[in-house]
Amino acid sequence: MDDMKQKFGVELSYSVVWRGRECAYENLRLGTPEQSYKLLPGYLHMLLQTNLGSIVNLEVTDGNKFQYLFIAFAASIRGFWYCRPVISTDATHLKGKYRGVLFTAVCHDANQHIFPLAIGVGDSENDAAWTWFLKRVKDVFGENPTLVIVSDKHRSISSAVTEAFPRAFHGICIYHLLNNLKTKFKSKTKEWEQHYLQAAKSYNLQEFHVLFYTLCSAVPGAKEYLELVGLDRWTRSHAPCRRYNLMTTNISESFNAVLVKVRELPITAFVNEVRLLCQR
């Protein structure tokens, strides 16, 4: 409003400026959010025609309303077989008119670069949405006893991993677990946090037990809590499968962070931006 007054000598109300902003956004974002949902099936059809080997799954309700979306690009499907078998999964909120949640599955390639595998869109982080997404991930990328799924300690994720990947090992992000510890056990000192991280990353059982004892001595109640979570789920030394250097979900959160601005776009424009990012 101030810019319009300074440059053109015109005073505009807030509502007029807002409506002008929305009209400009509609042109930039390929129409309104409602129009974008109508464009989505046609866009996905053309995506399959021009990106051969990609997998798309669009589910609608009985009333023909959007429910779930899953996309795995052909390059991600082929490239996964050359990556370490550790999948980091996370979710973040979309910021458009109809909100929703973006689900992501990523891993590390041979150069330890972030390698996106699949994205999904659902209504919220609930059992049904997480289970639907992870089952689609399994359908595309398969499952074997050496596969590791890394996530935070969200209850719906644990339930979904158990159902979708019964043979895979489910590890917990050590930083999310650390935040849970800090919330649950108030401590005047912070030295124990370093002991926790060192214990989680330790390769040696003897070294782990020394660090774990020090941690539990500093934070009463932590021993019972961490053992209830399962030592194998957050420590490298007890894990039955190789987690390599993926002890956190940082790669998922980094991928989500790159999409922070485009999460405001209507659904079709958003999917197109994800495609452009994955095909750079």
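Two residues are in contact when they have heavy atoms within 4.5 Å of each other. Keep that in mind as we walk through this predicted model, where local features need pLDDT of at least 70, side-chain atom pairs count only at pLDDT 80 or more, and totals for chains, interfaces and linings use all residues. Residues are numbered from 1 along each chain as its sequence is written, and side-chain values use heavy atoms, with hydrogens and water left out.

Let's start with Ala-239. Find it in the loop between helix H11 (231–234) and H12; helices (H or I, at least four residues) and strands (E, at least two) are DSSP runs, numbered from the N terminus. If you set aside neighbours within four places in sequence, Ala-239 is in contact with Phe-169 and Asp-232. Is Ala-239 buried or exposed? It's buried, with a relative accessible area of 17%. Here buried means under 20% relative accessible area, exposed means over 50%, and partly exposed is in between (1.4 Å probe, protein chains only). Ala-239 also lies 8.2 Å from Gly-171, C-alpha to C-alpha, though the two are 68 residues apart in sequence.

That loop between H11 and H12 also holds Tyr-244. Its phi is near 55°, a positive value in a residue other than glycine, and at 29% relative accessibility Tyr-244 counts as partly exposed. Gln-112 has a positive phi too, of about 60°, and is not a glycine either. You'll find Gln-112 in the loop between E4 and E5, partly exposed with a relative accessible area of 41%.

Now for the strands. Seven of the eight residues of strand E3 (residues 86–93) are buried, so the rest of the structure largely encloses this strand. What does E3 pair with? Strands pair if DSSP finds at least two bridges between them. E3 runs parallel to strand E6 (residues 148–151), joined by three bridges, and Val-86 has Val-148 as its bridge partner in E6. With E4, E3 pairs in the antiparallel sense over six bridges; look for Thr-89 standing opposite Ala-105 in E4.

Next, the inside. In soluble globular proteins, nonpolar side chains tend to be buried together. A nonpolar core is a set of buried Ala, Val, Leu, Ile, Met, Phe, Trp, Tyr and Cys residues joined through side-chain atoms within 4.5 Å. The largest one here has 31 residues, and those with the most contacts inside it are Phe-133, Phe-141 and Phe-165. Which elements give two or more residues to this core? They are E2, E3, E4, E5, helix H5 (127–141) and helix H6 (155–164). H5 supplies the largest share, eight residues. Apart from this core lies another, of 28 residues, among them Val-150, Phe-169, Phe-255 and Leu-277. As for Phe-141, leaving aside neighbours within four places in sequence, its contacts include Phe-80, Trp-81 and Leu-117.

The structure holds 14 aromatic pairs: rings of Phe, Tyr and Trp (its six-membered ring) pair if their centres lie within 6.5 Å, and planes under 30 degrees apart count as stacked, over 60 as edge-to-face and the rest as tilted. Phe-208 and Phe-212 make a stacked pair, 5.2 Å centre to centre with 15° between the planes. Why are they separated by about one helical turn? Because they are four residues apart in helix H9 (residues 205–218). An α-helix has 3.6 residues a turn, so residues three or four places apart point the same way. Both Phe-208 and Phe-212 are buried. Elsewhere, ring pairs link Phe-70, Phe-103, Trp-130 and Phe-133 into a cluster.

Finally, take helix H13 (residues 267–278). The expected span of a helix is 1.5 Å times one less than its number of residues. For the twelve residues of H13 that should be 16 Å, and the end C-alpha atoms are 17 Å apart, which agrees. Buried residues in H13 include Ile-267, Phe-270, Val-274 and Leu-277. The buried residues of H13 pack against helix H3 (33–50), strand E2 (66–72), strand E4 (101–108), strand E5 (114–122) and helix H12 (250–258). Val-260 and Lys-95 are 165 residues apart in sequence, yet 9.0 Å apart in space, C-alpha to C-alpha.
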